[in-house]
Amino acid sequence: MEVFVKKALTGTIIFIFIGLLTGAMATAAADVSKVAIIPFKVNADRDLSFLRTGIVDMLSTRLSHPGTVEIIDSATVSSALGAMTGRLNEKAAREIGERLGARYVLFGSLTSIGKAISLDARTVDVLGKKPAASYFVQADTLGAVIPKINRLAGDINQQLFGITAPAPSPSVASSETAQRINPEKLLTQPSTPATGSPLQPVSPVTGSQKGIQGQLPFVQPVQSQTGMFWRSRTFKRPMHGIAMGDVDGDGRTETVVITDRQVFIYRVERRQLVKVGETKKSSGRYLVGVDIGDMNGNGRSEIFVTALNIQKNRVKSQVFEYDGSTYRLIVKSSPWYYRISKSPGEAPVLLGQKPIDADPFKSAVYEMQWDGTGYKPGTRLVPGKKSNALGCAVGNILNDGKRTIAAFSDGDAIQVFDTRGELLVTEDDNFGGNLLSVNLPIADPGNPPPVIYLPLRLIISDLNNDGKNELVTVRSEELTGKHLSRLRVITKGQFVGLTWDGAGLGETWKTRKLSGRIADFAVGDIDGDGIRDLVAILVAKEGRIVGIKPRVNIIAYSLGVAEK
């Protein structure tokens, strides 16, 4: 009997032990988070397909933690992707994760603009217990991608699993601290003025790039200009215009962007470009231009939105003003094109033009004045049949203390007029390059309406801080040479600074060429660090084909010069 009791007791203990061990193993297995990494989408004008596999391999190694995080093998993930229909978004990622038995799904994109490489990543909790999270890193060159992937993996480890990665070495930290951070990753530390410049100085005699001795760090040889270009996250909607200013009266700079149908107001907050306002989406307008300025003198800046009707043959502009709670329409529908021109040391000028027979170049351009009830035309600045208000700038272009007007022609040549309307000079070197157009009246019922393209913006400023104003414009590379009236394909663009040399406008600086189309640009302090930035809309993909969405970024060059 005693032997039987001992055997029974021993069996019970073994059974309990096995049960506890099995339960512990099950609990441990349940505590392991499985992660499915989907190959990143590559957006580039060169073959970077090899990075798709490389990124998955590197992230798999850095995110895998035995007993805590398990990475689902890539072959299994690829098999699940084969059954996917439609585009990859959070919903699709969650469905893939469910099929794979994953707790988290990681997906994203790699974008190449010039030499810069950026990674946008997103994690989705398949169980829905944690909100989806976004991550962003950027490398100045292809060779600097690996350290950035290390940082990306570190951010994911910390935020998703609570695993802290080893701190970066002091040399790496000091290198990153010395540069101005991406506009969406701002304010992590006190701002430091940039020590290089995106602008390449050009010899006024030979036109060659060279360093200029004795000048500010702003004008340095191109080989020392790294880390000076950043971009925002990618927007998958068209962007037609950008302007910067304090539109809500809080003393901070907002970035106002227009799409084809709507106005969005952004500001840098908590290290990200955050939407702080928007207008109601318009179903009867096609937006083509935006400007900011207090032109009615009430102490609060208006938002001028130049717009066409849906047929693009009539102007239906609007003006908004913040009333403390919303952006109120103070001009509901105006037949005028609007542009605000700002020149150093001078008050902003509101330009206006009322088209004749839908032609945006046929009528004269006027300086507009507020008369207490509306914006009315005053002094004529540019004669008719010469330019459109959207492509005009007024100020001290010749650096002689006198007012002159720069204006794009309908063929994108830059013209300079005196205040009497006399043409002083014309410069034509592939400047401009807009895709926004107006439909003219149909001359032949059997053919589509003739198309005329609107001009890009011109800005008068002293961006290189040499005490002389320059005319800032865009030079574009267009595949058809602008010879096809209904088709333009712009593949690259760069900013150029032109200064009056006594005989014409000479090139004094230029940025490197960017892959894509520069849709619009502005000068202002985007991140609140007191340093001026050259900010622009860069279109990497137009989205002209049905089913393919645009890919658009807001880019920024830090100018290293204090905001005035």
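Q: In β20, which residue is the bridge partner of V365?
A: V382 in β20 is the bridge partner of V365. Strands here are DSSP runs of E with at least two residues, numbered from the N terminus. Keep in mind that this is a predicted model, where local features need pLDDT of at least 70 and side-chain atom pairs count only at pLDDT 80 or more, while totals for chains, interfaces and linings use all residues. Residues are numbered from 1 along each chain as its sequence is written, and side-chain values use heavy atoms, with hydrogens and water left out.

Q: OK, and how many bridges join β19 to β20?
A: Five bridges, and the two strands run antiparallel. Two strands count as paired if DSSP finds at least two bridges between them.

Q: Which residue in that hairpin takes a positive phi?
A: G372, with a phi near 100°. The hairpin of β19 and β20 has four residues between the strands.

Q: What sheet do they belong to, and in what order do the strands come?
A: An open sheet of four strands, ordered β17-β18-β19-β20, with antiparallel pairing. Its edge strands are β17 (337-341) and β20 (375-382), each pairing on one side only. On average, neighbouring strands of this sheet are turned by 40° against each other, direction ignored. For angles like that, axes are lines fitted to C-alpha atoms (for helices, over the stretch in contact), and angles between N-to-C directions run from 0 to 180 degrees.

Q: How many bridges are there between β18 and β19?
A: Two, linking β18 (residues 349-353) and β19 (residues 365-370) in the antiparallel sense. L351 has E367 as its bridge partner in β19, and for G352 the partner is Y366.

Q: What about the sheet that starts with β21, what's its order?
A: That one is β21-β22-β23-β24, a four-strand open sheet with antiparallel pairing. The edges are β21 (392-395) and β24 (423-427), which each pair on one side only. Neighbouring strands of this sheet are turned by 15° on average, direction ignored.

Q: And which residue in β23 stands opposite F408?
A: I414 does. The strands involved, β22 (residues 404-408) and β23 (residues 414-417), pair in the antiparallel sense over four bridges.

Q: Switching to helices: at what angle do α2 and α5 pack?
A: About 45°, with the axes of α2 (residues 50-63) and α5 (residues 145-161) 10 Å apart. Helices are DSSP runs of H or I with at least four residues.

Q: Left-handed or right-handed crossing for α2 and α5?
A: Right-handed. A crossing is called that if the near helix is turned clockwise from the far one by less than a right angle, and left-handed if anticlockwise.

Q: At what angle do α3 and α4 cross?
A: Roughly 125°, and the axes of α3 (residues 74-81) and α4 (residues 90-100) come within 10 Å. α3 and α4 are therefore oblique to each other, and their crossing is right-handed.

Q: Now the holes: how many cavities does a search of the whole structure find?
A: Four of 30 Å³ or more. A cavity is a set of points, on a 1 Å grid over the protein atoms alone, where a 1.4 Å probe fits but cannot get out.

Q: What volume does the second largest cavity have?
A: About 80 Å³, where volume is the space filled by probe spheres set on grid points joined across faces, edges and corners.

Q: Which residues lie nearest its centre?
A: V288, R339, N434, P455 and D520, out of 14 residues lining the second largest cavity. Lining residues have an atom within 4 Å of a point.

Definitions and conventions. On a 1 Å grid over the protein atoms alone, a cavity is a set of points where a 1.4 Å probe fits but cannot get out, and a pocket is an open set with protein on both sides within 12 Å along at least five of seven lines; lining residues have an atom within 4 Å of a point. Angles under 35 degrees count as roughly parallel, over 145 as roughly antiparallel, 65 to 115 as roughly perpendicular and the rest as oblique.
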